[in-house]
Amino acid sequence: MSPLLANLLLALLWMALMGSQQPVHFVLGFLLGYGALALLAPLASTGSYVRKLPHAVAFAIFFLKELVKANLRVAQDVITPRALRRPGVVAVPLSTRNANEIALLANVLTLTPGSVTLDVADDRSVLYVHCMFVDDPEAVRAEIKNGFERRVMELMG
Amino acid sequence: MINVRLVIALVLAGSGCLFMLLAGVGLLRMPDFLTRMHASSKAATLGAALVVAAVAIALWDGAVALRALLVSMFLLITAPVAAHAIARAGYISGVPLAEETVVDELAGRYDRDTHELAGTAAGPSEAP
């Protein structure tokens, strides 16, 4: 069984034990289950899951932060009379060739307003992204590589 | 207590609606189809998520909260796929980019007939 599924089941089990349907008890049960899986790591193969879950939470928080920031930036450009936008298509060289990682990266980039993934090269070496604020293509590349790409690789790798 | 919750829900729903309104205004004001997609993707992500979150907080019910979570999850999964498909189709079919476009490093990379996309070969080319 996948450790994530086991953790969810443990949380449901905890809710059943408490005889409660409150979300608080689900969270509590999930945390207790996570602790149990962490203790189990030397015996069962739950180690990589235990290591990755904090990364996943950090990634979700980082993503929400970027989502709000980018939304406000695009909204500002929509309402100000003078155009601040400098749209352009930027080629982002990829450090990973893993299809799942590229798919996740492309999706989070498209989800954040101000950048849409146009396509990925057939050899998976480059991602082509249309960005709304390209003051300097190098800066945009660096921002994507140090922000989302690094985190996606930490999470999936 | 109930009032505080309602105020929070109202603020969330209000800002969600504001983002959707801005997305609509953006559709009218942006110069080309790709920048319009930037404007409209706000409605699909933050706007919808905020309204759904507002509903969950206003009703304060586990079943509703679970459904709200699922709705925003499905939105987050499906919206970018559709956006990418539309953007790629638009670019390939040759919809012109706005004149203010700074750089187009994708220009000339597509094979005209097969739509195959080359990787790291020639250097970036400037926008027309």
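Asp135(A) is exposed, with a relative accessible area of 56%; exposed here stands for over 50% relative accessible area, buried for under 20%, and partly exposed for what lies in between (1.4 Å probe, protein chains only). Its salt-bridge partner is Arg86(A), and the N to O distance between the two side chains is 3.2 Å. Arg86(A) is partly exposed at 36% relative accessible area. A salt bridge is counted when a side-chain nitrogen of Lys or Arg comes within 4 Å of a carboxyl oxygen of Asp or Glu. Asp135(A) sits in the loop between S3 and helix H5 (137–156) of chain A and Arg86(A) in the loop between helix H3 (47–79) and S1 of chain A, so the pair ties together parts that are 49 residues apart in sequence. Helices (H or I, at least four residues) and strands (E, at least two) are DSSP runs, numbered from the N terminus.

A word on the ground rules: this is a predicted model, in which local features need pLDDT of at least 70 and side-chain atom pairs count only at pLDDT 80 or more, while totals for chains, interfaces and linings use all residues. Residues are numbered from 1 along each chain as its sequence is written, chains are lettered from A and ligands numbered from 1 in the order in which they are written, and side-chain values use heavy atoms, with hydrogens and water left out.

**Salt bridges**

Over all chains, the search of the whole structure finds 9 salt bridges. Here are some of them.

| Asp77(A) | Arg85(A) | 3.1 Å |

Together with Glu100(B), Asp77(A) and Arg85(A) are linked in a network of salt bridges. Glu105(B) and Arg141(A) are both buried.

**The interface of chain B and chain A**

The contact set pairs 38 residues of chain B with 42 residues of chain A, contact being heavy atoms within 4.5 Å. The size of an interface is often given as the accessible area lost when the parts come together. For chain B and chain A that buried area is about 3,400 Å², 65% of it on carbon and sulfur atoms; the value is the accessible area (1.4 Å probe) that two parts lose on being put together, summed over both. On the chain B side, Arg29(B), His38(B) and Glu105(B) lose the most area to chain A, together 19% of what that side buries.

Across this interface there are 3 salt bridges and 15 residue pairs in polar contact, both residues at pLDDT 80 or more. A polar contact is a pair of N or O atoms within 3.5 Å; within protein, one must be able to donate a hydrogen and the other to accept it, and residues adjacent in sequence count only if both atoms are side-chain atoms. Helix H1 (2–29), helix H2 (33–59) and helix H3 (62–92) of chain B are the elements that give two or more residues to the side touching chain A. H3(B) gives the most, with 9 residues.

Which helix of chain B holds Thr35(B)? Thr35(B) is found in helix H2. This residue is buried, with a relative accessible area of 0%. Leaving out residues up to four places away in sequence, Thr35(B) touches Pro87(A), His130(A) and Met30(B).

**Strand S3 of chain A**

His130(A) also brings us to S3(A). All 6 of the 6 residues of strand S3 (residues 126–131) are buried, so the strand is largely enclosed by the rest of the structure. Val126(A), Tyr128(A) and His130(A) cover one side, with Leu127(A), Val129(A) and Cys131(A) on the other.

Strand S1 (residues 88–93) runs antiparallel to S3(A), joined by 6 bridges, where pairing takes at least two DSSP bridges. Pro93(A) stands opposite Val126(A) there. S2 (residues 115–120) of chain A is also antiparallel to S3(A), over 5 bridges, and Thr117(A) has Val129(A) as its bridge partner. The hairpin of S2(A) and S3(A) has 5 residues between the strands, and in it Arg124(A) takes a positive phi near 60°.

**Thr96(A)**

Arg124(A) is also one of the residues that Thr96(A) touches. Thr96(A) lies in the loop between S1 and helix H4 (99–111) of chain A and is buried at 7% relative accessible area. Its side chain makes a polar contact of 2.9 Å with the side chain of Glu101(A), and a polar atom of the Thr96(A) side chain lies 3.0 Å from the backbone nitrogen of Asn98(A).
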